[in-house]
Amino acid sequence: MDYLGLSFEQLDEDAVAALLRGRRADMEFGYLVTPNVDHVVRLSKLDRDSEERRAYRLAAWRLCDSRVLSLLASFRGIRLPVIPGSDLTLRFFKDIVAPGDRIVLIGGQEGDVAILGRLRPDICIVQHIPPMGLQTDRSARNMAARFAIESDTRFVLIAVGSPQQELIAAEIRDMADARGTALCIGASIDFITGRANRAPRWMQRLALEWLHRLLSSPRRLWRRYLIEGPQIFLLAWRFRR
């Protein structure tokens, strides 16, 4: 379903989980992105032919990761099922990835592989931690993409934040020998490893997860949630189905 310049899947979490379970390592490469309000506002300011918008456009699956976005869409009669990326990543480790699978993790921190290994000791995880500044460092993105391909795995988890992770996923797709599936998962690993805490369930149900994040890190996130984020209401008001 098209909304605010993006085409969103109409799948619920169970359907996405089933889809991912059926993906094989030798399949044509496809990647999954989870746009939220921050992503949509940022993309609205970019030229349609920009690298970043291309990265979202080429994604095989775009899932709505924002209850606010879903609510605004519903006022236009548009259904956007909400699948939080953090929930999907946790489910990935619990019942999507299969015993014996080999997984690539791009991003995260030292020690994450050991923590994730305790969660799923029956899989193999290899990690590449790229340098900072990926958004403007094409060579570093290319190195991360090449690492993913040469690791020859069924799944790639890209956890370097947006839009860096989507740009890396698009670079993997552009390589002739790309196979398998990538998930752009943002800060999901931080929640699984305990470095960060999710908002309480009641705040999530009331679309207030953004407030929890703002209060948890006001100095870093005040501009995103108080200046840039509210622009979504103007975009929604202007939207015509």
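Two strands count as paired if DSSP finds at least two bridges between them. On that basis R102 stands opposite C124 in β6, and β5 and β6 are parallel partners joined by five bridges. The model is predicted. Its open sheet has six strands, ordered β4-β3-β8-β7-β5-β6, with parallel pairing. The edges are formed by β4 (61–62) and β6 (124–128), each of which pairs on one side only.

**Strand pairing in the sheet**

- Strand β3 (residues 30–33) runs parallel to β4, and two bridges join them. Within this pair, L32 stands opposite W61 of β4.
- Strands β7 and β8 are also parallel, with four bridges between them. V156 has A182 in β8 as its bridge partner.
- Five bridges join β5 to β7, and the two strands run parallel. Here I103 is placed opposite F155 of β7.

- From β5 the chain passes through helix α6 (residues 112–119) to reach β6, a β-α-β crossover that is right-handed.
- From β7 the chain passes through α8 to β8, and this β-α-β crossover is right-handed.

**Burial of β5 and β7**

- Five of the six residues of β5 are buried, so the strand is largely enclosed by the rest of the structure.
- In β7, five of five residues are buried, and the strand is mostly covered.
- In a regular strand, side chains alternate between the two faces of the sheet.
- For β7, one side carries F155, L157 and A159, the other carries V156 and I158, and all of these are buried, which leaves both faces covered.

**Helices on the sheet**

- Helix α7 (residues 138–150) lies across β5 (102–107), β6 and β7 (155–159). The direction of α7 is at about 160° to β6.
- Helix α8 (residues 164–174) packs on the sheet and touches β3, β5, β7 and β8 (181–184). The angle between the directions of α8 and β7 is about 150°.

**Nonpolar cores**

- The largest nonpolar core contains 45 residues. Y3, Y31, L69, I106, I158, I172 and I232 have the most contacts inside it.
- Beyond its neighbours within four places in sequence, Y3 is in contact with F8, L69, L72, A73, I78, L80, A236 and F239.
- Another core, of 23 residues, lies apart from the largest one and includes I83, L105, I125 and A159.

- R91 belongs to helix α5 (residues 85–96). The relative accessible area of R91 is 17%, and the cut-off for buried is under 20%, so R91 counts as buried.
- The R91 side chain makes a polar contact of 2.7 Å with the side chain of D14.
- Not counting residues up to four places away in sequence, R91 touches E13, D14, A17, R21 and I96.
- E13 is in helix α1 (residues 13–21). With a relative accessibility of 25%, E13 counts as partly exposed.
- When neighbours within four places in sequence are left aside, the contacts of E13 are I83, D87 and R91.
- Between E13 and V82 the separation is 69 residues in sequence, while their C-alpha atoms are 8.3 Å apart in space.

**Backbone geometry in the loops**

- The peptide bond from S162 to P163 is cis, with omega near 10°. P163 is placed in the loop between β7 and α8.
- L4 is not a glycine, yet has a positive phi of about 50°. L4 sits in the loop between β1 (2–3) and β2 (6–7). The relative accessible area of L4 is 17%, and the residue is buried.
- D152, likewise a residue other than glycine, has a positive phi near 50°. D152 is in the loop between α7 and β7. The relative accessible area of D152 is 61%, and the residue is exposed.

Terms used: Residues are numbered from 1 along each chain as its sequence is written. This is a predicted model: local features need pLDDT of at least 70, side-chain atom pairs count only at pLDDT 80 or more; totals for chains, interfaces and linings use all residues. Side-chain values use heavy atoms; hydrogens and water are left out. Contact means heavy atoms within 4.5 Å. Axes are lines fitted to C-alpha atoms, for helices over the stretch in contact, and angles run from 0 to 180 degrees between N-to-C directions. A nonpolar core is a set of buried Ala, Val, Leu, Ile, Met, Phe, Trp, Tyr and Cys residues joined through side-chain atoms within 4.5 Å. Buried means under 20% relative accessible area, exposed over 50%, partly exposed in between (1.4 Å probe, protein chains only). A crossover is right-handed if, with the strands pointing away from the viewer, the path from the first strand over the helix to the second runs clockwise. A polar contact is a pair of N or O atoms within 3.5 Å; within protein, one must be able to donate a hydrogen and the other to accept it, and residues adjacent in sequence count only if both atoms are side-chain atoms.
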